[in-house]
Amino acid sequence: MKLRGTLIGFTAILMWSLLALMTAASGSVPPFQMNAMTFAIGSLPGLVLLAIKPERIKLLKQPAKVWIIGIAGLFGYHFLYFTALRNAPAVEAGLIAYLWPLLIVVGSAFLPGERLRWYHVAGALAGLCGTIAIVSRNGVSFDQSYLLGYGAALLCAFTWSGYSLLTRSFDRVSTDVVTGFCLSTSLLSLVCHLALETTVWPASGGEWAAVVGLGLLPVGAAFYAWDYGVKNGDIQVIGAASYAAPLLSTLILLASGFAEPSWRILIACVLITGGAVLAAKEMIKPKRKAAEAPAE
């Protein structure tokens, strides 16, 4: 069960690696409008399932704290992320925001039944170094004039890591509830779009296909898979492996001709892959059970 949950959690990371490519192919749709559209699409598989099996609707009846944490996690993360990008350079904001896998690994020590080992932290730190190698191609320089953006990015990291860790504590809550989180996030994003942005629709069939792809995978199915993974899998391994998302994203952009290969990417491959393997040490090679004491 734990292995299955971990592998399903990995699929969320794989889908998030498509985010940059699909976003680049989606045209000039403003961020909150994109959120409203893609989260609405992302809720469709859950709505279809509820229509086919209406008895599952009762699973949406959850305590208020579950809904508050779920909506704050999905909408809050994206709101803070876009705020960070609007008020600080993308490289620095992205680096700070991508502290969330490390925060998940370290924070997991406070979860019931979890023990934080040195190789979990070492693996997450190696992944962080690999991510820095990827996103800091033009250097990193933190400027005090961007403190609002840096602060939003840091809150962004704490928001997603906090959501993921708290989701683990709601392991009896059905993943069906993510459908409601997606719908709520779509509506709140629509409000922000109408208040802050000018509407821009995709200009071609290819751009519409990219928007639909975003809604079905990185901004849709990925959140269902993540919810199931952090509830049922090894959250420490999933957290450390999350640093593979920017690496895989870069490799996909390379294969698609949107980026150029470099030694920096090779170094990042070694750090992130090695870090993930190190963090998963216990899963790959479990400790042998101590021999049973001989009967007297």
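Predicted model: local features only at pLDDT ≥ 70, side-chain atom pairs only at ≥ 80, totals over all residues.
1. Ile104 sits in helix 6, which spans residues 100-107. Is Ile104 buried or exposed? Its relative accessibility is 0%, so Ile104 counts as buried. Leaving out residues up to four places away in sequence, Ile104 touches Ser161, Ser164, Leu165, Trp226, Ile235 and Gly239. Thr179 is another matter: Ile104 and Thr179 are 75 residues apart in sequence, and their C-alpha atoms are 23 Å apart in space.

2. Now take helix 6 as a whole. How many of its residues are buried? The count is 6 of the 8, so helix 6 is largely enclosed by the rest of the structure. The buried residues are Trp100, Pro101, Leu102, Ile104, Val105 and Gly107. Find each of them on the model.

3. Trp160 is worth a look next. Trp160 belongs to helix 8, which covers residues 147-169. Trp160 counts as buried because its relative accessibility is 3%, under the 20% cut-off. Which residues does Trp160 touch, not counting those up to four places away in sequence? They are Trp16, Gly73, Leu74, Tyr77, Trp100, Phe223 and Trp226. Two names link back to the points above. Trp100 is one of the buried residues of helix 6, and Trp226 is also touched by Ile104. Leu251 lies 91 residues from Trp160 along the chain, and the two C-alpha atoms are separated by 24 Å.

4. Next come the charged pairs. Side chains of opposite charge can pair when their charged atoms come close. The model has 4 salt bridges. One of them joins the side chains of Asp176 and Arg56, at 2.6 Å from N to O. Why does this pair tie together separate parts? Asp176 lies in the loop between helix 8 and helix 9, and Arg56 lies in the loop between helix 3 and helix 4, so the pair connects parts that are 120 residues apart in sequence. The two partners differ in cover. Asp176 is buried, at 8% relative accessibility. Arg56 is partly exposed, with a relative accessible area of 26%.

5. A salt bridge also forms between the side chains of Arg86 and Glu197, at 3.1 Å from N to O. This pair links distant parts of the chain, 111 residues apart: Arg86 is in helix 4, while Glu197 is in the loop between helix 9 and helix 10. Glu197 counts as buried, at 14% relative accessibility.

6. The side chains of Arg168 and Glu114 form a salt bridge too, at 2.7 Å from N to O. Where do the partners lie? Arg168 is in helix 8, and Glu114 is in the loop between helix 6 and helix 7. They are 54 residues apart, and the pair links distant parts of the chain. Both partners fall under the 20% cut-off, so they count as buried: Arg168 has a relative accessible area of 16%, and Glu114 has 10%.

7. Glu197 turns up again beside Gln33. Gln33 lies in helix 3, residues 31-52. Beyond its neighbours within four places in sequence, Gln33 is in contact with His193, Glu197, Thr198, Thr199, Val200 and Trp201. The side chain of Gln33 reaches the backbone nitrogen of Val200 at 2.9 Å. Gln33 is buried, at 4% relative accessibility.

8. Ser249 is in helix 12, residues 244-255. Ser249 counts as buried, at 9% relative accessibility. Setting aside residues up to four places away in sequence, Ser249 touches Ser17 and Ala20.

9. Turn to the surface. Which residues form a nonpolar patch there? They are Leu44, Leu47 and Leu183, with about 220 Å² of accessible area together. Leu183 lies in helix 9, residues 177-196. Leu183 is partly exposed, with a relative accessible area of 33%.

10. Finally, check the confidence. The mean pLDDT of the protein is 86, and 91% of its residues reach 70 or more. Over residues 289-296, pLDDT stays under 50. For that stretch the model has 0 contacts beyond four places in sequence.

Conventions
Residues numbered from 1 in each chain as written. Heavy atoms only, no water. Helix = DSSP H or I, 4+ residues; strand = E, 2+ residues; numbered from the N terminus. Buried < 20%, exposed > 50% of the residue type's maximum accessible area, 1.4 Å probe, protein only. Polar contact = N/O pair within 3.5 Å; in protein donor to acceptor, adjacent residues only side chain to side chain. Contact = heavy atoms within 4.5 Å. Patch = residues over 30% accessible without salt bridge, like charges linked within 9 Å, V, L, I, M, F, W, Y side chains within 5 Å. Areas by Shrake-Rupley, 256 points an atom, 1.4 Å probe, with all protein chains shown as cover. pLDDT = per-residue confidence, 0-100.
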